[in-house]
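Take a look at the chain shown here.

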Amino acid sequence: MRFPIADSNSNIYIEGNLVIPENPIGIVVFAHGSGSTKNSKRNRMVSEGLNKNSIATLLFDLLSDQEQNFDTQVEKMSVKVPGIILNKFNILLLTKRLSMVTEWVRNNPRTQKLLVGYFASSTGAAAALISACKYNIVSIVIRSGRTDFVKNQILDQIVSPCLFVVGSKEKSLVKISNETIRKMKNSKDKKLCIIKGASHLFEEEGSILEAAKLATDWLTSNFSLHIKSNGIDR
């Protein structure tokens with residue numbers, strides 16, 4: 001499916017893949033970061049695990065093809081232009097896109113009654129935490145997240161249960177995740193899981209499978225708990 005993005009000068013489109021299993025207990029919106037897409041093997045593996053557990057998924061790219069191409073061209077330049085910010089590091093833009101898609105989920109007849117969760121990575125994690133302050137996000141999983149881009153006053157507002165998954169080789173991200181958890185004073189359920197031997201992209205054998213299982217268990221548990229505690233009729 002295609003999501004229209006309003007632009008002051010032209011119509012820009014980003015695309016998403018929506019999968020709704022039978023009798024879903026919720027939907028997870030993916031917010032990919034830099035260097036990842038809706039078609040990446042890692043994201044599809046996590047999505048398939050969620051689908052098997054009766055959770056709908058929406059994978060989409062935060063940036064349009066044009067915006068991704070711009071980033072690629074800038075990165076290839078031998079001389080850097082002062083003041084240029086790559087789109088994949090434009091947290092305001094990424095948050096705007098994630099908020100737009102979240103609104104679409106809340107208003108689409110096929111998904112509007114579903115509880116909403118986020119699975120985010122890299123800079124998309126910053127967008128997920130910021131957006132969670134605006135919407136009733138039941139649960140969040142962050143893999144290799146650049147949550148250091150989120151201001152302290154935003155972190156203090158987050159109440160959604162959050163699971164942070166980081167590879168042990170990413171020492172800087174382990175530190176960032178621990179610091180983020182410390183600052184999320186109003187989120188009562190927050191946890192960091194470090195996967196031994198894994199790097200940023202979880203390319204090591206079995207590491208992404210472990211991350212996918214952690215994410216599936218966390219999101220399934222939080223969706224089920226929310227349904228039970230609020231007496232929601234599925």
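Helices (at least four residues) and strands (at least two) are DSSP runs, numbered from the N terminus. With that numbering, Ser54 sits in the loop between helix 1 and strand 4 (55-60). The model is a predicted one.

**Nonpolar cores**
- In soluble globular proteins, nonpolar side chains tend to be buried together.
- The largest nonpolar core here has 38 residues.
- Ile27, Val29, Leu98, Tyr118, Leu129 and Ile140 touch the most other members of this core.
- Take Val29 and leave aside its neighbours within four places in sequence: Val29 is then in contact with Leu58, Phe60, Leu98, Val101, Val105, Val116, Gly117, Tyr118 and Phe119.
- Another core, of 25 residues, lies apart from the largest one. Its members include Ile25, Val46, Ala211 and Ala212.

**Helix 1 with helix 7**
- Helix 1 covers residues 41-52, and helix 7 covers residues 207-229.
- Their axes are 9 Å apart, and the packing angle is about 40°.
- Angles under 35 degrees would count as roughly parallel, and 65 to 115 as roughly perpendicular. Helix 1 and helix 7 are therefore oblique to each other.
- The crossing of these two helices is right-handed.
- On the helix 1 side, Arg42, Met45, Val46, Gly49 and Leu50 make the contact. They meet Ile208, Leu209, Ala212, Ala215, Thr216 and Leu219 of helix 7.
- By class, the contact of helix 1 with helix 7 has 8 nonpolar, 2 polar and 1 charged residues.

**Helix 3 with helix 4**
- Helix 3 (residues 91-107) packs against helix 4 (residues 123-132) at about 60°, with axes 8 Å apart.
- Helix 3 and helix 4 are therefore oblique to each other.
- Helix 3 passes helix 4 in a right-handed crossing.
- Helix 3 brings Ile91, Leu94, Thr95, Leu98 and Ser99 to the contact. Helix 4 brings Thr123, Ala126, Ala127, Ala128, Ile130 and Ser131.
- The contact of helix 3 with helix 4 divides into 7 nonpolar, 4 polar and no charged residues.

- Phi of Ser54 is near 65°, a positive value in a residue other than glycine.
- Is Ser54 buried or partly exposed? Ser54 has 26% relative accessibility, so it counts as partly exposed.
- Phi of Ser122 is also positive, near 50°.
- Where is Ser122 placed? Ser122 belongs to strand 5 (residues 116-122).
- Ser122 counts as buried because its relative accessibility is 8%, and the cut-off for buried is under 20%.

Conventions: Residues numbered from 1 in each chain as written. Predicted model: local features only at pLDDT ≥ 70, side-chain atom pairs only at ≥ 80, totals over all residues. Heavy atoms only, no water. Core = buried A, V, L, I, M, F, W, Y, C linked by side-chain atoms within 4.5 Å. Buried < 20%, exposed > 50% of the residue type's maximum accessible area, 1.4 Å probe, protein only. Contact = heavy atoms within 4.5 Å. Axes fitted to C-alpha atoms, helices over the stretch in contact; angles between N-to-C directions. Parallel < 35°, antiparallel > 145°, perpendicular 65-115°, else oblique. Left-handed = near helix turned anticlockwise from the far one by under 90°. Nonpolar A, V, L, I, M, F, W, Y, C, P; charged D, E, K, R; others polar.
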